[in-house]
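User: Hi! Could you walk me through this structure?
Analyst: Happy to, here it is.

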Amino acid sequence: MTKISNIISGTMGWGSWGHNLNLKEMENLIITCLELGINTFDHADIYGGYTTETDFGKAFINLGINRSDVFFISKCGIQYPSKKRKLEIKYYDYSKEYIIKSAETSIKNLNADYLDLLLLHRPSPLMNEDEISSAIDYLKKQGKIKAFGVSNFQFSQIELLKTNCEIKWNQIEFSLTNNELAFNGLFDYLMKSKIKAMAWSPLGSYFKLKDVKSKRIERVLKLLKKKYDASEDQLLLSWIMNHPLNILPVIGTTKKERIKAAIESLNINLDKSDWFSLLVASQGYKVP
Ligand SMILES: NC(=O)c1ccc[n+]([C@@H]2O[C@H](COP(=O)([O-])OP(=O)(O)OC[C@H]3O[C@@H](n4cnc5c(N)ncnc54)[C@H](OP(=O)(O)O)[C@@H]3O)[C@@H](O)[C@H]2O)c1
């Protein structure tokens, strides 16, 4: 089985939802990731309004890479109004038929043969555990998915599903600026249940919002940059990775230098006091 890389490249911004990379640029970015040691690519059927998996798949097949040298994640369940799908509203569908169809479509679009990991994109109040486990069972037996997980699920929602299907991963929003999940019991539950975690938007709002929180964080980062000889993004990533849950960041950048910086951040060992200084800067108050 292909091993997942410690840093995951998120493809949400590769296509029409972001940088609009052309075929050659996608090929180059895939090669860059592989050369830097990232073999894992995070997809979802909806990215680019149902177009990015197809664009990526064309680049992937052109490169002639061995399927077993890469690890593909995809997600399903969101019905997203877009040019490709004329819908009145966005909603969630976790019926057996829809999960199977969606996974099969992702596999076809990615030119992938199978998915290394299929995630349910977001929890739905209408989830039916029997339908979901039956779909996952079918996809596994057909060799279409190697592993199954969820995204943005709370522990009670995981408990609901895990009676009948093994949940290997939860992809969650986690960063220095969005750190609630480390405090609401989910992380303790994941550790105890041996469910692994990967974090989307691992840089949080730091580069997006110039608010008081970012300013407080900036002041601490300024000191730590010298101490660790590291950049701001590297320190933000290392803050996540220095949590005992062993969280893998799903990074969104398409820039080679930033991808390289992310890989190098794997070597940063943050002192506990520095980890807490950053937490305090984010919260705006000291720990009790
Ligand atoms: N499961 C879910 O519900 C869910 C939701 C959202 C996203 N995701 C996944 O998570 C992935 C990553 O999400 P994200 O893009 O929000 O992650 P991110 O890595 O936290 O943010 C990436 C953004 O930060 C910018 N950035 C990086 N380093 C910077 C720096 N030093 N200075 C200024 N800006 C910097 C990047 O700009 P450049 O591109 O210009 O470098 C990019 O716009 C997505 O691609 C997707 O695969 C999953």
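**Rings, cores and a helix**

User: Let's begin with Y189: is Y189 buried or exposed?
Analyst: Y189 has 13% relative accessibility, so Y189 counts as buried; buried means under 20% relative accessible area, exposed over 50%, and partly exposed in between, using a 1.4 Å probe and protein chains only. This is a predicted model, where local features need pLDDT of at least 70, side-chain atom pairs count only at pLDDT 80 or more, and totals for chains, interfaces and linings use all residues. Residues are numbered from 1 along each chain as its sequence is written, and side-chain values use heavy atoms, with hydrogens and water left out.

User: Which residue forms an aromatic pair with Y189?
Analyst: That's F155, in a tilted pair with 5.7 Å centre to centre and 45° between the planes. Rings of Phe, Tyr and Trp (its six-membered ring) pair if their centres lie within 6.5 Å; planes under 30 degrees apart are stacked, over 60 edge-to-face, and the rest tilted. F155 is partly exposed, at 39% relative accessibility.

User: Where do the two sit?
Analyst: F155 is in helix α6 (residues 155-162) and Y189 in helix α7 (residues 186-193), so their pair ties together parts 34 residues apart in sequence. Helices here are DSSP runs of H or I with at least four residues, strands are runs of E with at least two, and both are numbered from the N terminus.

User: How many aromatic pairs are there?
Analyst: The count comes to 14. There is also an aromatic cluster made of W14, F41, F56, F60 and F72.

User: Switching topic: which residues touch the most other members of the largest nonpolar core?
Analyst: I99 and L120, in a core of 75 residues. A nonpolar core is a set of buried Ala, Val, Leu, Ile, Met, Phe, Trp, Tyr and Cys residues joined through side-chain atoms within 4.5 Å. Helix α9 (residues 232-241) gives the largest share of this core, six residues.

User: And what is I99 in contact with?
Analyst: Leaving aside neighbours within four places in sequence, I99 is in contact (heavy atoms within 4.5 Å) with residues including C76, Y94, L118 and L120.

User: Which residues of α4 are buried?
Analyst: Y98, I99, I100, S102, A103, S106, I107 and L110. The elements they pack against include α3 (52-63), β3 (71-76) and α5 (129-141).

User: What comes after α4?
Analyst: N111 follows, with a positive phi near 55°.
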